[in-house]
Amino acid sequence: MKMACAAARSPADQDRFICIYPAYLNNKKTIAEGRRIPISKAVENPTATEIQDVCSAVGLNVFLEKNKMYSREWNRDVQYRGRVRVQLKQEDGSLCLVQFPSRKSVMLYAAEMIPKLKTRTQKTGGADQSLQQGEGSKKGKGKKKK
């Protein structure tokens, strides 16, 4: 029985694709909780499906693993579940797309594009206003300012 080490397997094998968990791009998380990009570039609660959408739209070879969980994610809700696998390198070791030399470049691109998704632009229009109104009323009920 032969065991192949990671270097011997082709970069085109699916188990050699890089993993991107939604927590890596979430601006609600601290670095200790798993965020891997600057908060200024991060997105509010991204989902694995959104990451998959933006990566496949740019032409990366991507697949979604719906039932995978990020180990530092304490919330077991469906929206926090999932991980995206992205192929960075081809069989011969060359990059699939030149603009994505590293996993960080893919994460930053995904975080930049997710807010521009149609599902995001429609949702946030109504949701943000209702959230702001809710927050405003809460502030009034708190301690009175002197």
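This is a predicted model: local features need pLDDT of at least 70, side-chain atom pairs count only at pLDDT 80 or more; totals for chains, interfaces and linings use all residues.
Reader: Is Arg-83 buried or exposed?

Author: Arg-83 has a relative accessible area of 12%, and because buried means under 20% relative accessible area, Arg-83 counts as buried.

Reader: And which side chain makes a polar contact of 2.4 Å with Arg-83?

Author: That is the side chain of Glu-65, which is joined to Arg-83 by a polar contact of 2.4 Å. The side chain of Arg-83 also makes a polar contact with the side chain of Tyr-21, at 2.9 Å.

Reader: What else does Arg-83 touch?

Author: Leaving out residues up to four places away in sequence, the residues that Arg-83 touches include Cys-19, Ile-20, Ala-48, Phe-63, Leu-64 and Lys-68.

Reader: Let me switch to Glu-73, then; where is the place of that residue?

Author: Glu-73 lies in the loop between β2 and β3, and with a relative accessibility of 5% Glu-73 counts as buried.

Reader: Which side chain makes a polar contact with Glu-73?

Author: The side chain of Lys-29 does, at 3.2 Å. If residues up to four places away in sequence are not counted, Glu-73 touches Lys-29 and Tyr-80.

Reader: Now the rings; how many aromatic pairs does the structure hold?

Author: There are five aromatic pairs in the structure. One of them is formed by Tyr-24 and Tyr-70, whose rings are 5.5 Å apart from centre to centre, with 90° between the planes, and that pair is edge-to-face.

Reader: Where in the chain are Tyr-24 and Tyr-70?

Author: They are 46 residues apart, and the pair links distant parts of the chain: Tyr-24 is in the loop between β1 (18–20) and α1 (48–57), while Tyr-70 is in the loop between β2 (62–65) and β3 (83–86). Both are buried, Tyr-24 at 5% relative accessibility and Tyr-70 with a relative accessible area of 7%.

Reader: Why is the pair of Phe-100 and Tyr-109 edge-to-face?

Author: The centres of the two rings, Phe-100 and Tyr-109, are 5.2 Å apart and their planes stand at 70°, and because planes over 60 degrees apart count as edge-to-face, the pair gets that description. Phe-100 is buried, with a relative accessible area of 3%.

Reader: Back to Tyr-24 for a moment: what sits over the ring of Tyr-24?

Author: The charged end of Arg-36 does, 4.0 Å from the centre of that ring. Tyr-24 also forms one aromatic cluster with Tyr-21 and Tyr-70.

Reader: Moving on to α1, which of its residues are buried?

Author: The buried residues of α1 are Ala-48, Glu-50, Ile-51, Val-54 and Cys-55. They cover an arc of only 160° around the axis, which puts them on the same side of α1.

Reader: What comes just after α1?

Author: Gly-59 does, and it takes a positive phi of about 105°.

Reader: Last one: what pattern does the protein chain follow along the sequence?

Author: The pattern is β-α-β-β-α-α, which comes to three helices and three strands. The protein chain has 146 residues, of which 32% count as buried.

Key. Residues are numbered from 1 along each chain as its sequence is written. Side-chain values use heavy atoms; hydrogens and water are left out. Rings of Phe, Tyr and Trp (its six-membered ring) pair if their centres lie within 6.5 Å; planes under 30 degrees apart count as stacked, over 60 as edge-to-face and the rest as tilted. Helices (H or I, at least four residues) and strands (E, at least two) are DSSP runs, numbered from the N terminus. Buried means under 20% relative accessible area, exposed over 50%, partly exposed in between (1.4 Å probe, protein chains only). A charge sits over a ring if NZ of Lys or CZ of Arg is within 6 Å of the ring centre and within 35 degrees of the ring normal. The arc is that of the directions from the helix axis to the C-beta atoms. A polar contact is a pair of N or O atoms within 3.5 Å; within protein, one must be able to donate a hydrogen and the other to accept it, and residues adjacent in sequence count only if both atoms are side-chain atoms. Contact means heavy atoms within 4.5 Å.
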